[in-house]
Amino acid sequence: MAYGDQTLSTRKVVSIALVIVLHAVIGYAFVTGLAYNVVKKVARDLKTFDVAEEAPPPPDQPPPPPPETRIEPPPVVAPPPIVQVAPTMAPPIVSVPVAPPVVITPAAPPAPPPPAVSRRGEPRGTPGEWVTPEDYPSADLRAENQGTTSFELAVGPDGKATDCKVTNSSGFPSLDTKACQMLLRRARFKAQLDGNGQPMPFTYRNRVRWQIPKD
């Protein structure tokens with residue numbers, strides 16, 4: 001490096017240092033003095049200058065109220081009347097007699113006509129001798145029981161009595177029984193003949209009168 005160059009560099013450094021110092025002094029003075037004046041000026045300006053506050057934006061308008069709806073009051077309904085219901089009773093069970101079914105019995109066929117008779121049967125001898133006073137039961141005789149026994153005899157083709165039936169009692173069973181006993185033993189008949197002359201059975205009816213003989 002040449003000497004001239006070295007001297008120039010030294011001067012440059014000194015110049016830079018002086019500039020720095022000068023700036024420092026000026027800055028200090030500015031800070032201390034100028035800053036004071038500035039503060040006073042600002043304070044004065046603040047006393048005379050009103051900062052207008054920005055008006056707040058207008059509040060949002062509330063939405064319009066809904067249209068008023070008229071609510072009709074509910075109709076007045078009378079409560080239903082209280083009905084006292086009597087307890088229902090089961091109807092009495094009435095038994096209805098049921099008529100027995102009607103059974104229609106077919107009519108019996110008509111009886112065949114009686115056979116033709118060429119000769120009627122008749123007693124042999126005297127019917128009054130078939131039962132006599134000697135046949136009177138002793139007990140009924142002592143008790144003086146009297147009466148009339150009506151009877152019916154079934155007679156066979158040979159003319160003999162085969163059955164005896166009391167149709168009307170004398171009032172004393174012993175007299176009725178005795179009458180039938182004697183009739184079956186003693187009664188005899190002439191045979192009854194049909195249209196061809198042949199013997200045929202028939203029925204004979206009569207009565208026995210029980211009467212105590214008088215001395």
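By class, the residues that line the largest pocket of this predicted model divide into 9 nonpolar, 4 polar and 2 charged, where Ala, Val, Leu, Ile, Met, Phe, Trp, Tyr, Cys and Pro count as nonpolar, Asp, Glu, Lys and Arg as charged, and the others, Gly among them, as polar. A pocket is here an open set of points on a 1 Å grid over the protein atoms alone, points where a 1.4 Å probe fits, with protein on both sides within 12 Å along at least five of seven lines, and a lining residue has an atom within 4 Å of a point. The lining comprises 15 residues, and G128, V131, R207, V208 and R209 are those nearest the pocket centre. The space inside comes to about 220 Å³, a volume taken as the space filled by probe spheres set on the grid points, which are joined across faces, edges and corners. Strand β8 supplies the largest share of the lining, 5 residues.

As to how the model was read, residues are numbered from 1 along each chain as its sequence is written, and side-chain values use heavy atoms, with hydrogens and water left out. Because the model is predicted, local features need pLDDT of at least 70 and side-chain atom pairs count only at pLDDT 80 or more, whereas totals for chains, interfaces and linings use all residues.

One of the residues nearest the pocket centre, R209, has its place in strand β8. R209 is exposed, with a relative accessible area of 64%; the term exposed applies over 50%, buried under 20%, and partly exposed in between, with a 1.4 Å probe and protein chains only. Beyond its neighbours within four places in sequence, R209 is in contact with G147 and T148, contact meaning heavy atoms within 4.5 Å. Between R209 and T149 there are 60 residues in sequence but 6.4 Å in space, C-alpha to C-alpha.

Strand β8 belongs to an open sheet of 3 strands, ordered β4-β3-β8 and paired antiparallel. Strands are DSSP runs of E with at least two residues, helices are runs of H or I with at least four, and both are numbered from the N terminus; two strands pair if DSSP finds at least two bridges between them. Since β4 (161-168) and β8 (202-210) stand at the edges with a single partner strand each, one side of each is left without a neighbour in the sheet. From one strand to the next the twist averages 30°. Strand β3 (residues 147-155) is joined to β8 by 9 bridges in the antiparallel sense, and L153 has Y204 of β8 as its bridge partner. Across β3, β4 and β8 lies helix α3 (residues 173-186), which runs at about 155° to β4; axes are lines fitted to C-alpha atoms, for helices over the stretch in contact, and angles run from 0 to 180 degrees between N-to-C directions.

Most residues other than glycine have a negative phi. E144, although not a glycine, has a positive phi of about 55°, and E144 counts as exposed at 58% relative accessibility.

Another open sheet of 3 strands has the order β1-β6-β7, again with antiparallel pairing. Here β1 (117-119) and β7 (199-200) are the edge strands, each with a single partner, so one side of each has no neighbour in the sheet. Strand β6 (residues 192-194) and β7 run antiparallel and are joined by 2 bridges, with L193 opposite P199 in β7.

Taken as a whole, the protein has 3 helices and 8 strands. Of its 215 residues, 18% are buried.
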